[in-house]
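Reader: I would like to go through this model with you. I will ask what the labels rest on.

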Amino acid sequence: MTQPPVPPNQPPGPPYPGFPPPVQPRRTWVPLVIVGGLVLVLVAVIATGLVLFLNRDDAKPAADSSTPAARTKPSDPTAVEFRRVLTAKPGTCPTPAPSGTGCDDKGTRYTLGKVELNGSNVSEVKAAIQENGAGGWYVGLSLDAEGAKQFEQLTAAVAQQQPPANQLAIVVHGQVVAAPSVQSAISGGQIQISGSYTRDTAQELAAKITG
């Protein structure tokens, strides 16, 4: 039996009787699902990598820009000596210095008295600046109770002498690091060594005393 011809320009609609139904193209979402899943996995990996990278950087300890704390007491107390100045001769410092003498870094040779007290009586050494900076930089020494008592008696005697016997030498490992003049008895155990110091030279002197 023959089928009736299909009229041209037939609009969509039910097929004619006897014609098979038109085959609709099958759309599949599987490739899109796979591609989408891969994209999500890739994004997750990238995101995880960034977090780990940032956390790794954050976990690194910050560089320590601070300087080590300065020593505030003599490292070798017996090497720090307070001695009276008996004589001072600039520019005549032999090496090694004869017994009973000490030289400073300018070559001045001092004849020294006995050790009156040493670094074991020193509880603090610091470089500081006078309030408002008016008096410049100085090196401050704090003495314990016994040292304060001995130092007051020592400075009371030295202050009455004529130069250079009115100077008190601070000797470290045999070198005179300072020999300030004493104007009067110093009580309370608080000592200030002053005289045209800058920040650097005051810190340098404090470092020599503390070792």
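Reader: What order do the three strands of the open sheet take, and what is the sense of their pairing?

Author: This is a predicted model. In it the order is E4-E5-E8, and the pairing is antiparallel.

Reader: What makes E4 (122-129) and E8 (190-197) the edges of the sheet?

Author: Each has a single partner strand, so one side of each is left without a neighbour in the sheet. On average, neighbouring strands here are turned by 15° against each other, direction ignored.

Reader: How do you know that E4 and E5 pair?

Author: The cut-off is at least two bridges between the strands. E4 and E5, residues 137-143, have seven bridges in the antiparallel sense. Therefore they count as paired. Within this part, Glu-124 stands opposite Ser-142 in E5.

Reader: Which helix packs on the sheet, and which strands does that helix touch?

Author: Helix H3, residues 199-210, touches E4, E5 and E8. The direction of H3 makes about 25° with that of E5.

Reader: Why is Gln-167 called buried?

Author: Buried means under 20% relative accessible area. Gln-167 has 14%, so the label applies. Its place is in the loop between H2 and strand E6 (168-172). Leaving aside neighbours within four places in sequence, the contacts of Gln-167 include Arg-84, Tyr-110, Val-158 and Pro-180.

Reader: And what makes Arg-84 partly exposed?

Author: The class runs between the buried limit of 20% and the exposed limit of 50%. Arg-84 has a relative accessible area of 28%, so it belongs in that class. Arg-84 lies in strand E1. Its contacts beyond four places in sequence include Leu-112, Lys-114, Glu-116, Leu-154 and Gln-167. Leu-112 is 28 residues away along the chain, yet the C-alpha atoms of Arg-84 and Leu-112 are separated by 5.7 Å.

Reader: How many residues line the largest pocket, and which lie nearest its centre?

Author: The lining has 15 residues, with Asp-105, Lys-106, Val-177, Ala-178 and Tyr-197 nearest the centre. The volume of the largest pocket is about 350 Å³.

Reader: Which element gives the largest share of that lining?

Author: H3 does, with four residues. The elements that give two or more residues are strand E7 (175-178) and H3.

Reader: Last, the whole chain. How many helices and strands are there, and what pattern do they follow?

Author: There are three helices and eight strands. Along the sequence the pattern is α-β-β-β-β-β-α-β-β-β-α. Of the 211 residues, 26% are buried. Among contacts between residues at least 6 apart in sequence, 62% join residues at least 24 apart.

Conventions: Residues are numbered from 1 along each chain as its sequence is written. This is a predicted model: local features need pLDDT of at least 70, side-chain atom pairs count only at pLDDT 80 or more; totals for chains, interfaces and linings use all residues. Side-chain values use heavy atoms; hydrogens and water are left out. Axes are lines fitted to C-alpha atoms, for helices over the stretch in contact, and angles run from 0 to 180 degrees between N-to-C directions. Contact means heavy atoms within 4.5 Å. On a 1 Å grid over the protein atoms alone, a cavity is a set of points where a 1.4 Å probe fits but cannot get out, and a pocket is an open set with protein on both sides within 12 Å along at least five of seven lines; lining residues have an atom within 4 Å of a point. Grid points are joined across faces, edges and corners, and a volume is the space filled by probe spheres set on the points. Buried means under 20% relative accessible area, exposed over 50%, partly exposed in between (1.4 Å probe, protein chains only).
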